[in-house]
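Dear colleague,

I am handing over the structure we spoke about, together with a short account of what I found in it. Please keep it open beside this email as you read.

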Amino acid sequence: MKEIFKQRDCLSQDEIKRYLQEDCSRKEAHDVENHLLDCPFCRDAVEGYANTQNFEAVEQVLEEASPKLEVQPDDKVVQMPPRPPRRMFLRIAAAILFLLLPLSAILYWGAGNENRHYADYIDAIDVKSSQLAMRGNADTLKKAEVFYQGLQAFDAKNYQKSVTCFNTALREQPDDLQIAFFSGLAHLKAGQTDEAIPLLEKVLKNKNAGYETDAAWYLALAYVKKGNTARVRSLLTLVLASDNYYNQKAAELIGKL
Amino acid sequence: MSRSVEKLTDEQLVLSYQDTGRQAHVGELFSRYKHLVYGVCLKYLKEEEESRDTLMDIFEKLLRDLHRQKILNFKNWLYITTKHHCLDRLEKREKTEERLEKLKKDEKSSSEFMEFSEEESLYNRGGIIVQADQLKNALKKLDEDQRICMDLFFIQDKRYKEIVAETNYTLNQVKSYLQNGKRNLKRLLLEEIG
């Protein structure tokens, strides 16, 4: 009887060290290698340490991080290591903000209700692609590298680049609803509402995708921009039907329509 | 840190931090995985000082982001977050697209034969005990390269480097054939079980 798929915890620091230094039994090493086949986190970490011969230095780095995290008398204050001064950067950022504020106000109040609502809500929920990618169907990360590059560009707010990446991935896997969702979302964030709508509609129709609520929320915003209030209402009602992190904003927005 | 915190699962710690804001919970999560986070940083950034700085960046990010994110699988989220963060750093460090493309190409070529399986591996916690005859039958259905590596690793209990020595495969190929072979084997066995 073989326990090929035996589950175990991730590798400890000591296990990684002993494995790389060949300081473990044959069975232990085989067990580690079996775990590495399944766990990308440990696999990458072991690869990282494989180039490091000086484990004492590694242990020191990790130990230095420990006291700052563990010695917290009131469980509130975490001492962080000193970081480079960023005052100049902050001053420049503040100056730019000061100059841009009046311009933004003119653009904001000059726009119609549709555009104002859209602008108010499109970035209201700070969801990273890595978080969204963890949701949905079981094939989450069995994608081409270009899909991953799309996620990265999305998180860097480089929406045009992420659109290009997701569309390339979509050409390779045209039936993949997760890619369709990200492509739709990236189009929307890039201001390409007409391209976003059919993709998000497709995702919304398929309950197996696992992105039904996300698609409904972002579709609602797309239709806000298009001025289709009836469709916005029905989509927001769908969002409000389940408990999710769009609820509060959806309730706000429906009240403003 | 109290013992009770150490006994909580990752996801319980995340929820508890979201409810109470107690930073000790994030500290516990960080202490569980910091050696893996640092290893991933070393892999991608190649520099100890920058990796150390990134390790603390990730901790700050945990304190900041765990509050407002709905996280179903913390370990999976942390891995992806760390990898993203390292690639972002590389982008800022290198500044030139050519260098970044080269790094991405290197990563791609090192996993040329690999298919991503994070979701399956990190989410699927159910074990399967395989009978010897079931295993042999299922192995026959795999591609030749995968079957050879799987046989050497799981039947003959060879290690990666021993398989490399006995075959013409590179280390990366061996790892890749084993990863994909194991996933395919699981699928075949689950189909058989029905």
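After the helix comes B:Gly21, which has a positive phi, near 75°.

Chain B as a whole

Chain B has eleven helices and zero strands. Of its 194 residues, 37% count as buried. If you look at the contacts in chain B with a separation of 6 or more, 61% of them are between residues 24 or more positions apart.

One pair of helices in this chain deserves a careful look: α3(B) and helix α4 of chain B, residues 48-65, pack with their axes 9 Å apart and at an angle of about 145°, and their crossing is right-handed. Among the residues of α3(B) that take part in this meeting are B:Phe30, B:Val37, B:Cys41 and B:Leu45, while those on the α4(B) side include B:Thr54, B:Leu55, B:Ile58 and B:Leu62.

Leaving aside neighbours within four places in sequence, B:His85 is in contact with B:Thr54, B:Asp57 and B:Ile58. The C-alpha atoms of B:His85 and B:Asp57 are 8.7 Å apart in space, although the two residues are 28 residues apart in sequence. Is B:His85 buried or exposed? B:His85 has 22 other C-beta atoms within 10 Å, and therefore it is buried.

In soluble globular proteins, nonpolar side chains tend to be buried together. In this model the largest nonpolar core has 54 residues, and those with the most contacts inside it are A:Cys42, A:Ala45, B:Val37, B:Cys41 and B:Cys149. Helix α3 of chain B, residues 23-45, contributes the largest share of this core, namely twelve residues. A second, separate core of 45 residues includes A:Ile179, A:Leu199, A:Val203 and A:Leu236.

Two places in chain A

A:Leu36 lies in helix α2 of chain A, residues 26-38, and because it has 21 C-beta neighbours inside 10 Å, it counts as buried. Not counting residues up to four places away in sequence, A:Leu36 touches A:Cys42, A:Arg43 and A:Val46. From C-alpha to C-alpha, A:Leu36 is 8.9 Å from A:Leu11, with the two being 25 residues apart in sequence.

A:Thr193 lies in helix α11 of chain A, residues 193-205, and its 16 C-beta neighbours inside 10 Å are the reason why it counts as partly exposed. Its contacts, again not counting residues up to four places away in sequence, are with A:Leu188, A:Ala222, A:Lys225 and A:Lys226.

A:Glu22 has a positive phi of about 55° although it is not a glycine, and its place is in the loop between α1 and α2 of chain A. B:Asp157 likewise has a positive phi of about 55° without being a glycine, and it lies in the loop between α9 and α10 of chain B. With 8 C-beta neighbours inside 10 Å, A:Glu22 counts as exposed; B:Asp157, with 12 such neighbours, counts as exposed too.

A word of caution

Chain A averages a pLDDT of 78, and 76% of its residues score at least 70. Over residues 69-84 of chain A, however, the pLDDT is below 50, and this stretch has 25 contacts in the model beyond near neighbours in sequence. Where pLDDT is low, the predicted coordinates should not be read in detail.

With best wishes

Conventions
Residues are numbered from 1 along each chain as its sequence is written. Chains are lettered from A and ligands numbered from 1 in the order in which they are written. This is a predicted model: local features need pLDDT of at least 70, side-chain atom pairs count only at pLDDT 80 or more; totals for chains, interfaces and linings use all residues. Helices (H or I, at least four residues) and strands (E, at least two) are DSSP runs, numbered from the N terminus. A nonpolar core is a set of buried Ala, Val, Leu, Ile, Met, Phe, Trp, Tyr and Cys residues joined through C-beta atoms within 7 Å. A residue is buried if 20 or more other C-beta atoms lie within 10 Å of its own, exposed if 12 or fewer, and partly exposed in between; C-beta atoms are placed from the backbone. Two residues are in contact if their C-beta atoms, placed from the backbone, lie within 7 Å. pLDDT is the predictor's confidence in each residue, from 0 to 100. Axes are lines fitted to C-alpha atoms, for helices over the stretch in contact, and angles run from 0 to 180 degrees between N-to-C directions. A crossing is left-handed if the near helix is turned anticlockwise from the far one by less than a right angle, and right-handed if clockwise.
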